[in-house]
Amino acid sequence: MAFGTSVDLTSNTGGIVTPNPFWLASAPPANSGGQIMRAFDAGWGGAVWKTLGTPIQNVSSRFGALHFKGTRAIGFNNIELITDRPLEVNFREIAEVKKRYPKHGVIVSLMVETRDEWRDMIKRSIDAGADGLELNFGCPHGMCERGMGSAVGQEPALNEKITSWAVEFSTIPVLVKLTPNVDHINPHGLAAKRGGAHGVSLINTIKSLIAVDIDRFVPEPRVAGLSTNGGYCGAAVKPIAMHMIGSLARDPDFGLPISGIGGVANWRDAVEFILLGCSSVQVCTEVMLRGYRVVGDMIEGLTEYMRSHGFSTIEEMRGKAVPQFSEWGELDLNYETVAKIDPDKCIGCHACVVACHDGAHQCIHPAPKAAGTRVPVVDESECVGCNLCQIVCPVPDCITMAAVDNGFKPATWNEFQSEGKPLRPKKGAH
Amino acid sequence: MLGPRGGGGVRWTRTGPAARKAARACGRVYDRGPMVDPLNLPEDRSEAGFGDYKPALGPAQALAEANRCLYCADAPCVQKCPTAIDIPEFIRKISTGNLKGSARTILDANIFGMSCARVCPVEVLCVGGCVYNEMDAPPIAIGRLQRYVTDAALAEDWRYFTAGPASGRSVGLVGGGPASLAAAHELRRRGHACTIYDAGHWLGGLNTTGVAPYKLRADDALAEVAYVLGIGGIAVESGVHIGRDVGWDALLARHDALFIGVGLGADRVLDIPGKQLAGIDGAVAFIEKFKLGRVDLGGVKRAVVVGGGNTAVDAVRELVGLGVSEVTMLYRGDEAAMSGYEHEWKAAKIEGVRSLWHTQPTAYVERDGRVAGLRCVKLGADKRPLAGEEFEVPAELVLLAIGQARLGELVAGLGGVQLEGGRLIVDADGATGNPRVYAGGDCANGGKEVVNAVAEGKRAALAIDRALTASASK
């Protein structure tokens with residue numbers, strides 16, 4: 001059934017319709033009309049214009065990165081602020097882009113203070129032809145100290161109030177961009193909803209200190225002899241982003257469209273975000289590191305995924321993983337797995353042995369010398385099914401976690417608490 | 001003429017900064033001439049024209065390769081290393097930028113880590129054990145990573161080991177190759193006085209005189225010897241034949257223990273008509289000549305190397321490198337039967353080396369008093385000459401790589417020490433039948449790799465230390 005499914009990538013996020021779900025996030029890659037037009041040529045479906053407000057003065061340097069084992073910038077951090085270009089130039093370019101690319105989505109990110117400023121900026125954005133607005137309530141550095149950005153996003157009442165102003169002034173969809181620098185995301189998403197937002201986008205960057213120069217004793221990025229906290233992003237933040245997106249997506253009181261942001265670097269990431277409820281995804285860091293051209297593979301990969309899974313529209317696949325994102329208390333305590341090592345695939349590196357011995361429950365052992373093999377032995381009576389061995393194994397599909405029929409009926413923690421359902425004996429707890 | 005000749009012998013004659021640095025590194029070296037100063041090698045020696053067979057890695061390559069390592073536990077690569085270098089650990093230290101720690105890990109296990117990185121047949125040792133081989137991925141370039149680290153350690157003279165407090169005991173080491181030097185280094189870490197007696201002029205044994213120059217050049221080998229001697233307190237007597245110039249009894253009287261690491265003897269000769277002709281040489285002797293000096297191969301267009309072992313394979317590749325246009329390996333067996341490493345022979349074939357299998361020389365052909373070729377006969381499956389299958393192979397140079405003489409009379413008069421097939425019989429600790437005499441390296445193992453010599457020298461040093469410490473506490 002999968003083969004031959006015709007696939008339509010059209011994305012609709014709260015009324016903002018784009019040819020595909022891949023948008024440039026509001027950030028340096030979406031700083032100017034020339035850039036955005038090149039991005040559209042490369043295949044991007046939409047772009048959230050670098051945040052407009054009262055133009056600021058930036059510092060040098062602005063970026064820092066987390067490198068790991070030879071892979072550069074698995075995490076990224078910036079202390080750049082909103083646009084530093086004159087507003088009239090930005091609005092003129094927005095108009096030009098929309099004129100040349102009428103089918104692509106241009107969303108204007110805004111960050112100002114007073115009601116009058118919001119009214120003015122929204123009007124100018126709509127006049128320029130914007131398809132939607134994104135209220136930047138997320139920036140965790142520089143602007144929040146001035147009472148904007150995450151200072152708004154962290155305060156639900158303020159969020160709701162300013163959102164309601166924007167919705168009042170706007171004739172186009174309004175998205176609220178949420179900050180992850182909160183203890184729980186849902187109250188902030190609900191505040192945006194109460195304010196009348198048509199959707200939310202998340203996550204903005206995470207407050208961070210990316211590195212310390214160990215010779216100069218100065219954190220990075222270094223500005224003369226000092227540094228400051230920045231916003232963390234890139235591949236490494238994806239789990240945090242997905243948790244927050246999933247939390248809102250499964251909240252029955254929420255229900256707004258979501259534009260997902262945070263560590264999306266390829267089509268697989270995009271699929272995960274869409275399965276967690278996103279209608280579109282926004283990308284910044286991967287483009288900053290590798291350029292607009294990465295979208296070609298994203299489009300192709302997503303299309304092929306949809307085709308092979310029998311999805312013909314984004315809406316059909318959207319949120320498919322949300323019902324399975326549950327609470328710990330709903331997990332089956334009697335479900336048991338043990339590690340199985342495929343002797344034909346095993347290369348004998350003993351990564352699982354050392355990981356199990358030092359980091360888990362001491363149940364994977366080297367084969368006895370007489371056995372003449374380096375394929376380790378799993379003591380299944382001790383294996384707690386934790387999964388660590390499978391994670392460290394360098395060979396795809398060599399270690400699998402096999403379900404064990406232990407004769408116990410499913411029992412969750414909640415059921416155990418309320419009904420006293422019998423639990424299987426603990427393993428590895430001696 | 002034993003013992004320090006503080007003022008008598010000719011010492012370091014060069015006064016350049018490198019020579020001074022090497023001299024400082026070596027401490028007191030007693031000799032009739034400099035033995036470890038690479039500056040004293042002729043600049044125009046023939047080996048200088050050879051390129052690197054496995055070029056050095058740059059920092060970016062080394063980092064990328066180090067990051068590929070899976071950091072195996074109980075790693076097969078370590079198990080395959082005779083000196084048991086903790087390979088995953090030194091590679092991890094490269095990946096974190098802890099190069100000095102990486103070199104310490106290597107050199108603590110194997111003080112000849114620099115030359116072993118270059119000359120080890122890694123394909124059949126550590127790299128052959130890499131688990132990546134099991135998943136059809138390229139194995140980690142362990143030798144090249146080890147070279148990356150140890151080159152830096154030697155170039156920047158990173159030093160880790162100091163002599164232990166003087167034990168009052170003394171060990172004599174006969175032979176100046178890797179086995180004796182590794183043993184002496186280990187013994188100095190434990191505070192025992194050491195004197196090396198070498199019959200030749202240059203220290204380092206075959207590392208200096210015999211390794212193929214595309215793997216290790218003599219000047220680098222000597223720099224490493226200087227680095228090893230840098231622990232201080234290793235006296236060196238060169239040009240001394242123990243057993244001939246100095247008796248074993250005298251040596252035993254002078255030292256608490258002896259280590260024998262004299263390697264193998266001279267190249268064997270083919271006892272066939274014409275063996276006295278010019279243009280015939282032993283392969284080991286010839287290799288030493290072009291490594292330490294200049295050889296003139298002006299009249300040599302065709303060369304034949306007789307033999308099928310690793311010396312033969314080295315020799316044919318070296319002759320190609322020296323510009324001989326037609327090089328042939330002549331062996332009484334065939335490709336499957338030869339003992340030379342398969343990967344080395346493969347490389348030789350790629351370089352254009354020819355082969356004559358199942359062939360036995362019966363006489364040298366003479367022209368104008370020089371060798372002009374070999375008269376040969378084909379051998380049958382039973383290794384017997386086939387009637388009517390005789391032919392001539394033209395060659396202006398014939399090298400013999402059919403083995404080296406064994407020790408025989410060298411150790412005659414050393415009570416309790418036994419030989420078998422020319423090899424010294426030793427136990428797992430390198431101990432001979434004489435409780436004060438230990439041995440290691442080629443003279444005991446019959447001719448293996450540098451890394452085996454280092455492992456055996458170190459192992460014997462540890463056993464000697466245990467014996468000396470036990471007897472001291474009595």
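## About the model

This is a predicted model, in which local features need pLDDT of at least 70 and side-chain atom pairs count only at pLDDT 80 or more, while totals for chains, interfaces and linings use all residues. Residues are numbered from 1 along each chain as its sequence is written, chains are lettered from A in the order in which they are written, and side-chain values use heavy atoms, without hydrogens and water.

## Chain B as a whole

The C-alpha atoms of chain B fill a box of roughly 70 × 55 × 45 Å along the principal axes. Of its 474 residues, 56% are buried (under 20% relative accessible area; exposed is over 50% and partly exposed in between, with a 1.4 Å probe and protein chains only).

## Salt bridges

Over all chains there are 49 salt bridges (a side-chain nitrogen of Lys or Arg within 4 Å of a carboxyl oxygen of Asp or Glu). One of them joins Lys238(A) and Glu272(A), whose closest N and O atoms are 2.8 Å apart. Lys238(A) is buried at 14% relative accessible area, and Glu272(A) is partly exposed at 31%.

In chain B, Arg190(B) pairs with Glu186(B) at 2.7 Å, N to O. Here Arg190(B) is partly exposed, at 32%, while Glu186(B) is buried, at 6%.
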